[in-house]
Amino acid sequence: MAREMDTLAGNTLQEAEAVKGSGPRYKQMLKLLWKSKTGTVGAMIFTVICLVALFAPFIATHNPAELDPLLRLKPPVWMDGGMSAHLLGTDNLGRDIFSRLVYGTRVSLIVGIGAVLVSGAIGAVLGLISGYYGKWASAIIMRTADAFLSIPSILLMLVVLAVVGPGLTTLIFVIGLTNWVSYARVMRGEVLSIKERDFVKAARAVGSRNGRIILKHILPNVVSSFIILSGMNVATTILMEASLSFLGLGIKPPDVSWGGMLSDGRQYIATSWWVATFPGAAITITVLGVIFLGDWLRDVLDPRMQTRE
């Protein structure tokens, strides 16, 4: 009898998902992606960025840390004085800008995705606990979230990084540990709504444990919100990494960061514009691509944003 009731609860969940217009299947998503101009552009940019990061050693023409003072501040190949060996010119230390841009793609993606995974995991767990159990658990978690919100995240990260020291792994965890609040609040709001639905009440009636209810009946219903929020936060995290690296508290040399490249080229912006312009353009294009893709994911996965033909 218990198994039959649990199956009924699962069927009710599926019916509820069908009623609210759950995310389309794989082929339907590809079709919707092709119809969306911004989604298509975002997917193309993000795919290219991922491919560049994956095949960076084969794409880069030079060692990104190789110094050549005799070739410092060489302009791009299409300008007078440019060299075919350095397509986008060189920086103040004679390093090839194109190769540094290629390797900087890796850092941006690793930090962007890694920090989102850390903050998402922490925020999702705390949001599920807060929304499902309520009472003292919710009070403690939400008051902690309020305390984090009262402190500017960039200031908190600057203080922690100044004490701990910069580095790739440190940067991922510092950004992740300071940006979990949005996930916790969104997950809590979703859980508060879902736990009052009939399929959750049916699962409780047959004696299902709280952990089983959360994993089997509630978690699948909040995954779309998690994906939407994560997609948008990747863009924010990439900007945070670039900002911290620009200030000297992000990625340490010889690792390459677009923010660090901007910092190196700021004093040459009037005479050698390419040193800062190309990494700035890379940040802008990447962030725009992620935002476009995130907007499309929101339109597809959030039933409240879907337009019915």
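**Salt bridges and packing**

Reply: Happy to. The side chains of R95 and D91 form a salt bridge, 2.8 Å from N to O; the term covers a side-chain nitrogen of Lys or Arg within 4 Å of a carboxyl oxygen of Asp or Glu. This is a predicted model, where local features need pLDDT of at least 70 and side-chain atom pairs count only at pLDDT 80 or more, while totals for chains, interfaces and linings use all residues. Residues are numbered from 1 along each chain as its sequence is written, and side-chain values use heavy atoms, with hydrogens and water left out.

Me: Are R95 and D91 buried or exposed?

Reply: Both R95 and D91 are buried. Buried is under 20% relative accessible area, exposed over 50%, and partly exposed in between (1.4 Å probe, protein chains only).

Me: What else does D91 pair with, and which residues are in the network?

Reply: R100 also forms a salt bridge with D91, with the closest N and O atoms 3.8 Å apart. R100 is buried, as is D91. The salt-bridge network links D91, R95, R100 and D264.

Me: How many salt bridges does the structure hold?

Reply: Five. One of them joins the side chains of R185 and D146, at 3.3 Å from N to O. R185 sits in helix α9 (residues 181-194) and D146 in helix α6 (residues 135-149), so this pair ties together parts 39 residues apart in sequence. Helices here are DSSP runs (H or I, at least four residues), numbered from the N terminus. R185 is partly exposed at 41% relative accessible area, and D146 is partly exposed too, at 30%.

Me: Switching topic: at what angle do α5 and α12 cross?

Reply: Roughly 140 degrees, with the axes of α5 (residues 97-133) and α12 (residues 258-265) coming within 8 Å. Axes are lines fitted to C-alpha atoms over the stretch in contact, and angles run from 0 to 180 degrees between N-to-C directions. On the α5 side, the contact is made by I97, R100, L101, G104, T105 and S108, and on the α12 side by W258, M261 and D264. Contact means heavy atoms within 4.5 Å.

Me: And which residues touch the most other members of the largest nonpolar core?

Reply: I97, L101, W258, M261 and F278, out of 22 residues. Such a core is a set of buried Ala, Val, Leu, Ile, Met, Phe, Trp, Tyr and Cys residues joined through side-chain atoms within 4.5 Å. Helix α13 gives the largest share, seven residues.

Terms used:
Helix = DSSP H or I, 4+ residues; strand = E, 2+ residues; numbered from the N terminus.
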